[in-house]
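Here is a short report on some backbone details and helix contacts. Look at the model first, then read on.

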Amino acid sequence: MVMFRLRTVFTLCFVICTAILAGEANAKPKSVTYCIDPTWVPYEMLRNDKHVGISADYLKLIGELANLDFKLVKTDSFRQSLEYVQTGRCMLISMLNSSAHRNVYLDFTVPYFQSPNVLIARDAKVMYQGLEGLNSQLVGVAKDSFLAEYLARYYPQLSIQLVESEAEGLRLLSHGDIDVFAGALLSVNSELNKMNMQEMAIVGYAEPYNSLRMGVNKAFPELIETINDAIRRLPEAARVDIYKRWSNVKRQYHQDFRLAVLGIACVAVILATLFWRRNIIRKYGRELRLKQEEMENLQSVLLEKNRMLEFLSSHDSATNLYNRNFMLHRAEDEVSRFNRFHTAATLILFDFSTQNVRPNPGDKPFSEEGMRELARVCLRSMREVDIAGRWSAEQIIILCPQTPIAASKILAERLKDAIETHPRDDIRLLPFSIGLAALQEGETFADWYERASQALYLARRHHSGKVMIAET
């Protein structure tokens with residue numbers, strides 16, 4: 001009887017402990033790895049191997065609201081962070097702008113912090129009304145920044161000097177090697193204060209605003225809505241506290257104390273006149289700033305629309321791959337580069353058939369969502385330098401610059417394996433064939449494509465899922 005009671009007590013204890021552990025497991029936050037720009041003060045940085053800055057404060061709040069445990073993957077530079085998030089070594093980057101290039105491998109959350117870009121010069125007497133005011137000036141900009149990509153795309157007429165960092169750009173500006181430096185307001189101001197460059201001044205604003213957000217590897221789309229929901233629920237008081245904590249913006253001006261001495265000697269009438277004049281200038285200055293802000297807001301909206309139109313003009317709406325017109329231009333460029341430098345290049349034709357792809361009787365036909373998933377399979381199988389586009393309704397073309405045919409065949413086999421082992425039945429059972437052709441001396445793109453099509457035809461004749469290389 002005693003042994004029976006002891007056994008019953010032990011059983012109850014085991015059940016209670018199991019229930020407690022199960023409850024703790026259900027409440028455990030989901031682990032999310034992320035990378036940062038380790039030197040972008042004060043937006044984000046590494047200090048004693050610890051992530052601090054504006055993004056660190058926001059991640060702490062978002063993690064609490066979304067029940068996420070953000071774990072830092074340390075990198076040496078922003079460029080390395082981009083490489084890590086592309087290869088999946090970290091799931092997201094904590095703070096960056098979106099761009100057409102980054103949209104290829106990242107999904108972006110809604111913005112959670114905005115900050116302007118500014119123009120810095122040695123002479124504070126000249127003010128610039130945005131980037132259009134720059135004519136013959138040599139403009140410095142950090143080469144890995146969003147602003148560098150933006151200027152190259154929308155202001156090709158400007159003379160641009162790419163630099164490694166904002167600190168290097170400000171040093172070049174102080175030595176007279178460049179005329180103007182463009183960068184993010186808070187980080188540029190932090191560098192000016194740290195380097196004690198009292199002679200530098202903010203002489204204008206540069207569009208667009210930095211709409212900073214998180215960039216999530218496309219392999220983890222479920223994080224986007226979770227993080228977006230947490231961002232929308234961030235208290236405004238918390239946002240203001242973070243901004244106050246990290247904002248130390250000061251405009252740099254030369255101080256001429258001789259005017260103060262002269263003012264002391266002036267008569268009351270002159271002092272009154274100066275006082276009246278100052279109030280008038282402030283009044284019109286406030287009105288001018290309001291007008292400038294309105295113009296900047298309108299310009300931001302217009303630029304966003306233009307970027308969207310540019311994206312739509314070069315991408316297929318169903319798959320988000322590049323469209324036929326864009327791929328034709330890139331292929332012609334590759335033929336021209338081959339004729340000049342004789343670097344290897346390979347063309348891959350991926351042909352598939354969506355007709356009657358129904359794993360089970362009564363299933364729906366191959367859908368647009370299925371086409372998007374097929375495009376994602378292609379992108380995941382490619383390298384960063386490769387370019388994929390939708391050539392026709394049931395054909396995807398992949399351009400492999402500076403790549404010999406042997407390396408391209410490995411890529412094609414990887415794409416083949418990815419489709420044949422895909423967890424979705426409609427993708428795994430999709431009939432497809434792959435043809436490859438290496439660019440040869442004296443060929444036009446039409447000749448190159450024709451040889452790849454012949455290889456594709458042979459692959460289709462042999463068996464579905466076959467990879468064939470065109471004869472040289």
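Asp49 counts as exposed because its relative accessibility is 54% (buried is under 20% relative accessible area, exposed over 50%, partly exposed in between, with a 1.4 Å probe and protein chains only). Asp49 is not a glycine, yet its phi is positive, at about 60 degrees. Where is Asp49 found? Asp49 sits in the loop between strand 3 and strand 4 (50-52). Helices (H or I, at least four residues) and strands (E, at least two) are DSSP runs, numbered from the N terminus.

## About the model

This is a predicted model: local features need pLDDT of at least 70, side-chain atom pairs count only at pLDDT 80 or more, and totals for chains, interfaces and linings use all residues. Residues are numbered from 1 along each chain as its sequence is written, and side-chain values use heavy atoms, with hydrogens and water left out.

Gln402 lies in the loop between strand 15 (395-401) and helix 13 (405-420). Gln402 counts as exposed, at 56% relative accessibility.

Val41 and Pro42 are joined by a cis peptide bond, with omega about 0 degrees. Pro42 is in the loop between strand 2 (39-40) and strand 3 (44-47).

Two packed helices are described by the angle and the distance between their axes. Axes are lines fitted to C-alpha atoms, for helices over the stretch in contact, and angles run from 0 to 180 degrees between N-to-C directions.

The axes of helix 5 (residues 166-175) and helix 6 (residues 185-195) come within 10 Å and cross at roughly 60 degrees. That makes helix 5 oblique to helix 6 (under 35 degrees is roughly parallel, over 145 roughly antiparallel, 65 to 115 roughly perpendicular, the rest oblique). Helix 5 contributes Glu166, Ala167, Leu170 and Arg171 to the contact, and helix 6 contributes Ser187, Val188, Glu191, Leu192 and Met195 (contact means heavy atoms within 4.5 Å).

## Helix 12 and helix 13

The axes of helix 12 (residues 368-381) and helix 13 come within 9 Å. They cross at roughly 140 degrees. Helix 12 and helix 13 are therefore oblique to each other. On helix 12 the contact is made by Leu374, Val377, Cys378 and Ser381. On helix 13 it is made by Leu411, Arg414, Leu415, Ala418 and Ile419.
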